[in-house]
Amino acid sequence: MLELRDVQVVFDGFRALDGVDLTVPEGELRFLIGPNGAGKTTLIDVITGLTRPAAGSVRFGEHDLVGRKEHQIVRLGVGRTFQTSVVFEELTVLENIDLAASFRRPLWSLARRRRGVSEAVEEALARTGLEELAERSAGVLSHGQRQWLEIGMLLAQRPKLLLLDEPVAGMSGDERQRTGELLTRIADDHTVIVVEHDMEFLRRHASTVTVLHEGRVLVEGSVEQVSADPRVQEVYLGRKASDAVGNRP
Amino acid sequence: MIRMLRRNLPFATVAVIALVAAPLLLEPFRLGLLAKYLCYAIVALGIGLVWGKGGMLTLGQGVFFGLGGYSMAMYLKLTEAGGGLPDFMVWSGVEHLPALWVPFANPVFALVMAVLGPMLIAVILGTLVFRQRVRGAYFAILTQALAAAMVILLVGQQGLTGGTNGMTNFFELFGQDLAEDSTQRLLYLAVAVVLGALYLATRQLVNSRYGRLLVAVRDGEDRVRFLGYDPALVKTVTFALSAGMAGLAGALFVPVVGIISPALLGVVPSLELVVAVAVGGRHVLAGAVLGAVVMGYAKTAFSEQFADGWLYLQGALFILVMTLAPKGVIGVMGRLRRARTT
Amino acid sequence: MRISRPILSAALVLALAACGSGAKPAAESNEIKVGLLHSLSGTMAISEVTVRDAELLAIDEINKAGGVLGKKLVPVVEDGASDWPTFAEKATKLIRQDKVATVFGGWTSASRKAMLPVFERYKALLWYPVQYEGLESSPYIFYTGATTNQQIIPGLDYLKEEGKKKLFLVGSDYVFPRTANKIIKAYAAANGMEILGEEYTPLGHTEYSTLVNKVMQAKPDAVFNTLNGDSNVAFFKQLKSAGASAETMPVLSVSIAEEEVTGIGVDNIAGQPVAWNYYQTTDTPANEAFVTAYKAKYGQDKVTSDPMEAGYNAVYLWAEAVKKAGTTEVEAVKKAAPGISLDRPEGKVTIDGENQHLYKTARIGVIQPDGLIKEVWNSGEPIKPDPYLKGYAWASGLGTGQ
Amino acid sequence: MSAFVNQLPIGLSIGAVLLLIALGLTFTFGQMGVINMAHGEFIMAGAYTAFLLQNFVLALPAAFLVAGVMGLILERAAIRHFYGRPLDTLLLTWGVSLVLQQLARDLFGAPNVQVPAPSWLSGGVGILPYNRLFIMALAIAGVVAVWLYLNRTGLGRRTQAVVQNRRLAATSGIDTGRVDMLTFFIGSGLAGVAGVALTLIGPVGPTLGTYYIVDAFLVVVAGGLGQLRGAVLAAIGLGLLNSYAEFWSDASLAKVIVFAVLIAFLQIRPQGLFALRSRVLT
């Protein structure tokens, strides 16, 4: 489904990604972890077209993603969320999701007034549990609700591959719980890649984990395999464990 | 049905005043002035769309207004010349009608070009600029430079455009004598109807998904990319729409006022229109329209009373609006109203 | 959005009401309203305000002397704001709203061209006080400044007499310089003179190093300068610092009068020739009175210039025509005006019946270190105005039409 | 041919003028993201300072102070409420510029005034008059001073810290308000100095600022936000372009050519010559 080969990214002489290979088969829920500066977000940026790699290939199905613009990649079925959620505060929750769901329509047809709510939107609202808030403006949502809205917008796009960048960062325990459940349900019928720091969350929901370190893939495997790996322990525990793996504020 | 009526009641009231009361009550000279303000209001409507909703601050809207005006003026000049050369070409030493001018003898072509010409330029500039993600202040400065460059270009091509003088001395439009008060009244009505129709259309657009998308592009252009839309396309289309409106306004302006000159499309008039929109209230389309009419009227009134004060007033008004009432007159009214009801 | 619309309509009604309230009661029967329409703001205000002042002075003087037809003149002053459409709008207002008997106004050709259709449409009178590019003769405009054969051609005659054979033409990019330069080129071709270069810069241009370089490289005998306004300041400063002086490179200017000299800096321009019909130093009794009265009214440090004098004259000429016609009615005034001849500060002026321009004496002056201009040459007698240059064989191919 | 060679120093001297007028903007626009349309009027204030003092040399520091204080007042009174809203600042400062223009007209009269050029600046070397050389020297001195300030003083480093990350700078104990004030003071002051220099070559009147403002912004746009070296290169590039374009065509066409080239240039380098790279999503 998604195949990265020897991806390299250089920022002003700094090698953010140094030859990453990554294969994610269809239907998998993959976690990406690694200490700060390991290149997790950069990897997501490369896949979604935000950052152009200096070398390497990114294949999604039969498409080569390198060199395509962000919106073109979305149109191929790759969607993402952001660490700091960006939703459109002046629009209502419903409008936010509706906008996400409508991108395949031709531009001129958008000029018509929206009537009713499409199936994709209803579904996204239901899955994220935001039905009650549908008519509220997105500006009044709490941090957790915003993340759910982001995920809802992502679902409404009906993507084949979802990339979630730290979906539970800054959430309360309760919210974490709900997000985790949401995630598992989504993973049932989607391919998902999650960047996450939170080990607890990881243990509970991850199937396969890829550990990045200094722009390279360190190990890949199940949660048990990975946490047992001495290199991972060195990377994380060699320094202060809490510093690297702990919950970020 | 009743809801629709209630929704449109204010619009209907304004429409009746504009279409019935104004032509009956105002003397021809004042009606002409009002027609002029309404032309500006059409441009302002476009600015309200592109800046208020789309967040693109265009300081070159005068260029599009001017291009529309020049298209119309070329047609009027050619009818007046009646097969000969327009007067300014004679004294500029031009001997044959330039090829560029020939098709403008056709009124339909001239009117279409008045709208399409500006849109084309907006599409070209928009594509070049937005695709490279040049935005915000950079875009504003570039449009301002466009206005400056366009003025110099028009002034420099005296044989083609009439230079600094521009074009004036028009006698008839579609066979109607422009000097007649009745013609001027008809023109006023035409301007008012066009403004009303464009207002309704723009309001519809703003309330559609497209309008939501535009606001989304304004507030988070990069995020919109990840919703699968191309913000450059959305922005370019919007910019072109506003350019088309400005062009149409220019085409209407010329027979109403009887002159088009580079002075109308430079940096200052372009900025003045933006000021008007800000004063009226940029977040609401009605605010843009109101602002253009009010500022147009204020300018006339002030320069009739004490000319020197106009710059002070305009400057001060602007500083006040931006610092104290960034939502403009409409915003203040809204606040007052809310204060009263609660 | 819903909140605002009722208020919007209310505001529109108010605006309409305000629009309608502009009408003023008819003039008292012992008064005659006249319009003064010049730029009081914007880039042209520098020049035009002084013309308005001179016109106000003339109105004052006429009123003190008993007015016209026993009625007092009441000036209605409007601001053209250096914006041509505004000139057209304000002209309409003066004619239709204020119902003035005549209008004195304009400076730039563009403002005149913008007002022309208005005056022709409403059959009202405009008195235009500035030298201009000719090729015009509207039945509803009286031109009290020079046309080309009263300023440019005498300027060329002067350069020819001085033995300047190679010219460089520098001008602002608008109608007057372009037309003037066409005439100059035709004149040069007919008189064995050579044009080494012709350059235009946008109005308000201030970077002249490249142009000065072009001029210096071409090594002309003289420069004919039709630059306008602030550009002159930059041009003369940069020309001087490039090492040119009035001796090595005379620059004949047709748009620099006494009031511009200070801004340019006397050091930068002293010794350079200019072409006009009037200078503050022109030695006539009428001028002595004019200069004294002007300084008394507006300040001893003020200077008088050609366009100011032309505006001042315009009021007197109109008043004379009204006296002769016995009415302010436009057609009657037009009929009475031809042949009216007055001794003005610049000497004798006469209204030409054919084209409504004036017979004027051409004068070449040199800018003095005190900022005033000293006459060094004049045409001897008033020159008959010839806006279409019909009387000059070499000018026949200028596409002057009509 | 010699005229062609002559255009090179002329282009450089035009570039120096552009650099001088844009130098202040690299501070206010470049460092703070404030589009100050009244920048041109600060230049004008500098020129009028020279007129009031009637002493060119004395006017340089005096104009720096006068324009700087005006900038300070503007920043404290209005602009500081507008950070993060560059477009609103643009319109606000345009209002300020209108008021200042009219104020100058009322204070000094509409006609241009004369500032005597010092006698030691008359004459020249080859094609370049001394006053042009002086402007070039002043521009170089300005660039060096700005560079030293930004990179060699604590205040300057703090300024750069605020530019790169306002919030982080604030949390690490930098008084961003003071930094803003100072930055605006210096940026406006530099405009004042430019105004004094411009009295050597151009008119001194109420509309002085409007002649330079668009060009100044184009330099900053071409140079890239917040980049001193970008501004220097852009000013020289635009100066040369102006000079040769005008040499081969005419002054009117040259302006149009410059605009077209700039748009084309932005196709290759949309962020200007140099730009801070940022991963922050807007």
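Predicted model: local features only at pLDDT ≥ 70, side-chain atom pairs only at ≥ 80, totals over all residues.

Me: How far apart are the nearest C-alpha atoms of chain A and chain C?

Reply: Residues count as touching when their C-beta atoms, placed from the backbone, lie within 7 Å. Chain A and chain C do not touch. Their nearest C-alpha atoms are apart by 14 Å.

Me: Which element gives the most to the side of chain B that touches chain A?

Reply: That contact takes 26 residues from chain A and 21 residues from chain B. On the chain B side, α8 (181–207), α9 (209–225) and α10 (231–257) each supply at least two residues. By class, this side of chain B has 10 nonpolar, 5 polar and 6 charged residues. The element that gives the most, with 10 residues, is α9(B).

Me: Let's go to chain C. What distance separates the centres of its domain 1 and domain 2?

Reply: The domain assignment of chain C puts 26–146 + 278–361 in domain 1 and 149–277 + 363–395 in domain 2. Taken over C-alpha atoms, the centres of these domains of chain C are separated by 27 Å.

Me: And which element gives the most to the side of domain 1 of chain C that touches domain 2 of chain C?

Reply: The contact takes 32 residues from domain 1 of chain C and 30 residues from domain 2 of chain C. On the domain 1 side, two or more residues come from each of α12 (306–325), β12 (347–351) and β13 (358–359) of chain C. That side divides into 10 nonpolar, 15 polar and 7 charged residues. The element that gives the most, with 3 residues, is β12(C).

Me: At roughly what angle do the axes of α2(C) and α12(C) cross?

Reply: Helix α2 of chain C covers residues 45–64, and its axis comes within 8 Å of that of α12(C). Residues making the contact include C:Val51 and C:Leu57 of α2(C), and C:Tyr312 and C:Val315 of α12(C). By class, the contact has 12 nonpolar, 3 polar and 2 charged residues. α2(C) passes α12(C) in a right-handed crossing, and the axes cross at roughly 35°.

Me: In β9(C), which residue is the bridge partner of C:Phe224?

Reply: β8(C) pairs in the parallel sense with β6 (residues 166–172) of chain C over 5 bridges, and there C:Val170 stands opposite C:Asn225. β8(C) also runs parallel to β9 (residues 251–253) of chain C, joined by 3 bridges. In β9(C), the bridge partner of C:Phe224 is C:Leu252.

Me: Last one: which strands of chain A are the edge strands of its sheet of 4 strands?

Reply: This open sheet has antiparallel pairing, in the order β2-β1-β4-β5. For instance, 5 bridges join β1(A) to β4(A). An edge strand pairs on one side only, and the edge strands here are β2 (14–24) and β5 (63–64) of chain A.

Conventions:
Residues numbered from 1 in each chain as written. Chains lettered and ligands numbered in written order. Domains from an automatic or database assignment. Contact = placed C-beta atoms within 7 Å. Nonpolar A, V, L, I, M, F, W, Y, C, P; charged D, E, K, R; others polar. Axes fitted to C-alpha atoms, helices over the stretch in contact; angles between N-to-C directions. Left-handed = near helix turned anticlockwise from the far one by under 90°. Pairing = 2+ DSSP bridges.
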